[in-house]
Amino acid sequence: MDFLNNLATGFEEALSLANLLYCFAGVTVGTLIGVLPGLGPVAAIAMLLPITYTLQPSAALIMLAGIYYGAQYGGSTTAILVNIPGDASAVITCLDGHKMAKKGRAGAALGIAAIGSFFAGCVATFLIAAFAPPLISIAFKFEAAEYFSLMALGLVGAVVLANGSLIKAFCMVLLGLLVGLTGTDINSGAMRFTFGLEDLQEGLSFVAISMGIFGYAEIMNNLEQRSTRSFSTAPVGKVLPTWSDIKNCVGPILRGTAVGSLLGVLPGGGALLSSFASYTMEKKIAGKNANPPFGEGNIRGVAGPETANNAGAQTSFIPMLTLGIPSNAVMALMIGAMMIHDIQPGPLVMSTDPGLFWGLIVSMWIGNLMLIVLNLPMINVWVKLLRVPYRWLFPAIIAFCVIGTYSINNNVFDIWVSIAFGFLGYVFIKLGCEAAPFVLGFILGPMMEENLRRALLLSRGDPSVFFTRPISCGLLIAAAVLLIVVLAPAVRKKREVAFQDND
């Protein structure tokens with residue numbers, strides 16, 4: 001009965017006119033961001049974060065969540081039609097999706113991607129609703145030692161599952177931790193890394209950093225690439241797969257949902273890792289007898305990854321909502337949105353603001369229904385947007401970033417911070433360093449330090465407290481095992497090959 005009462009509370013919150021409008025706005029912007037190559041949900045949410053300051057907390061989170069999972073739908077459109085992934089998680093869809101488009105089956109590929117995404121989104125939302133309450137009851141048993149160990153596992157996961165070099169990912173996490181420590185020490189009141197600047201006494205603004213590292217950096221990177229791309233779209237045709245296609249894709253859709261739901265919860269996981277893992281699984285299951293071969297227009301190579309990336313995108317909300325721990329860069333931005341509204345992420349959200357918690361979950365079901373309507377009948381509208389020159393978009397995006405950054409604290413210093421981190425983010429791109437581990441380090445660093453010092457204070461300086469408490473010890477062992485396994489030469493070589501294939 002509690003579950004049904006909670007869902008009723010969620011429907012009451014999500015079906016209010018204002019929240020329905022913000023949900024629709026979120027999934028529409030998300031689809032647009034997914035369709036336009038180069039922006040991506042992280043940059044879009046970073047740019048829109050300041051707007052949420054004026055909204056109700058539930059409306060803000062519903063809109064931002066809609067942008068995230070809406071971008072997963074839209075990203076497949078450009079991947080299939082023009083062989084350019086709108087989002088990183090759609091990279092793998094290019095392999096078979098565009099080959100299908102060249103064979104005149106673009107409509108079938110788009111249709112199965114939308115159907116698989118809808119199914120995965122519904123299942124993933126049900127999993128959030130079902131597993132969040134028991135996880136929250138476990139989270140109430142967490143104390144400072146457990147939270148520190150959980151965050152340590154999260155950062156190890158961010159390193160292990162980051163794209164590219166392990167050393168680069170480790171350095172990015174370390175840099176994020178250092179930047180996160182800027183400001184006033186909450187225990188001693190000492191100033192750290194402020195260099196005598198009063199503007200740094202409260203630390204660096206998360207909005208300014210995310211706006212720069214994901215917004216400005218992407219703009220600079222896109223400006224040097226955009227002029228060489230030509231948009232010759234394949235004809236769409238009938239946007240519905242045949243019954244034979246649907247029968248062939250039942251297995252990949254079910255497996256993709258399972259894989260994505262599992263990997264989305266893991267630290268550093270989410271849509272990108274889920275789509276790649278699903279494609280690898282389907283390719284191995286089909287073997288050499290696949291007809292047509294994978295990479296030559298096999299519809300299962302579209303159904304599996306597109307299903308998995310949507311499941312992974314939505315189940316990544318579970319650790320954020322239940323424990324207050326971001327599993328990827330988007331969830332770090334969602335936590336930033338909650339902090340803007342003075343909401344402490346973690347297990348207390350469900351009890352202190354059940355309307356916000358359950359309203360967000362129910363809005364995901366509603367948003368998935370909206371996305372089916374937006375993506376199937378209106379596919380030709382989204383295709384036309386591909387012809388908009390990027391030189392028309394980036395001035396508006398820059399202006400939006402500057403106004404948004406200033407509006408949070410009415411502080412010009414934040415604009416300079418975002419510009420500086422924009423150049424830093426561009427350097428990261430050129431060096432092949434993924435920004436997500438940096439952001440996770442920046443968010444988790446102060447929280448880790450606070451829980452480390454609190455645990456040591458309660459144990460009177462005894463570090464064994466992290467190993468004598470079962471949950472804390474288990475989390476640290478999991479982190480150590482994960483790190484040891486990935487450092488093994490055979491595993492490390494396979495990991496590097498995998499991410500090279502993904503690129």
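Residues are numbered from 1 along each chain as its sequence is written, and side-chain values rest on heavy atoms, with hydrogens and water left out. Because the model is predicted, local features need pLDDT of at least 70 and side-chain atom pairs count only at pLDDT 80 or more, whereas totals for chains, interfaces and linings use all residues.

Helices and strands are DSSP runs numbered from the N terminus (helices: H or I, at least four residues; strands: E, at least two). Helix α4 covers residues 57-82, 26 residues in total, and reaches 38 Å from its first C-alpha to its last. This is close to the 38 Å expected at 1.5 Å a residue, the expected span being 1.5 Å times one less than the number of residues. A kink of about 30° is centred on A71 in α4, where the bend at a residue is the angle between axes fitted to the seven residues ending there and the seven starting there. Burial is judged by relative accessible area (buried under 20%, exposed over 50%, partly exposed in between; 1.4 Å probe, protein chains only). Of the 26 residues of α4, 25 are buried, so the helix is largely enclosed by the rest of the structure.

A nonpolar core is a set of buried Ala, Val, Leu, Ile, Met, Phe, Trp, Tyr and Cys residues joined through side-chain atoms within 4.5 Å. The largest such core holds 114 residues, of which F214, F317, M334 and F357 touch the most other members. Helix α7 (residues 144-160) gives the most to this core, with 13 residues. Contacts are heavy atoms within 4.5 Å. Leaving aside neighbours within four places in sequence, F317 is in contact with A65, Y68, I128, M331, M334, L360 and M364. A second, separate core of 18 residues includes V82, A106, I112 and I379. Another buried position is S261, with 9% relative accessibility, which is placed in helix α10 (residues 243-265). Beyond its neighbours within four places in sequence, S261 is in contact with L127, A311, G312 and T315.

Aromatic rings were also examined. Rings of Phe, Tyr and Trp (its six-membered ring) pair if their centres lie within 6.5 Å; planes under 30 degrees apart count as stacked, over 60 as edge-to-face and the rest as tilted. Seven aromatic pairs are found in the whole structure. The rings of F421 and F438 have centres 6.1 Å apart and planes at 40°, so this pair is tilted. F421 lies in helix α19 (residues 412-431) and F438 in helix α20, so the pair ties together parts that are 17 residues apart in sequence. F428 and F438 also form a tilted pair, because their ring centres are 5.9 Å apart and their planes stand at 55°. As F428 lies in helix α19 and F438 in helix α20, this pair ties together parts ten residues apart in sequence. F428 is buried at 6% relative accessibility, and F438 is buried with a relative accessible area of 0%.

A salt bridge is a side-chain nitrogen of Lys or Arg within 4 Å of a carboxyl oxygen of Asp or Glu, and nine are found in the whole structure. One of them joins E296 and K99 at 3.9 Å, N to O. E296 lies in the loop between α11 (271-286) and α12 (300-315) and K99 in helix α5 (residues 93-102), so this pair ties together parts that are 197 residues apart in sequence. Both partners are partly exposed, E296 at 39% and K99 at 29%. The side chains of E449 and R192 meet at 2.6 Å, N to O. E449 lies in helix α20 (residues 436-458) and R192 in strand β2 (residues 191-192), so the pair ties together parts that are 257 residues apart in sequence. E449 counts as buried at 19% relative accessibility, whereas R192 counts as partly exposed at 21%. E450 forms a salt bridge with R454, with the closest N and O atoms 2.5 Å apart. These two residues are four residues apart in helix α20 and are therefore separated by about one helical turn. Salt bridges that share partners join D185, R192, E449 and R453 into one network.

Backbone angles complete the description. Most residues other than glycine have a negative phi. F193 has a positive phi of about 55° and is placed in the loop between β2 and α9 (206-225). R460 has a positive phi of about 60° and counts as exposed at 81% relative accessibility.
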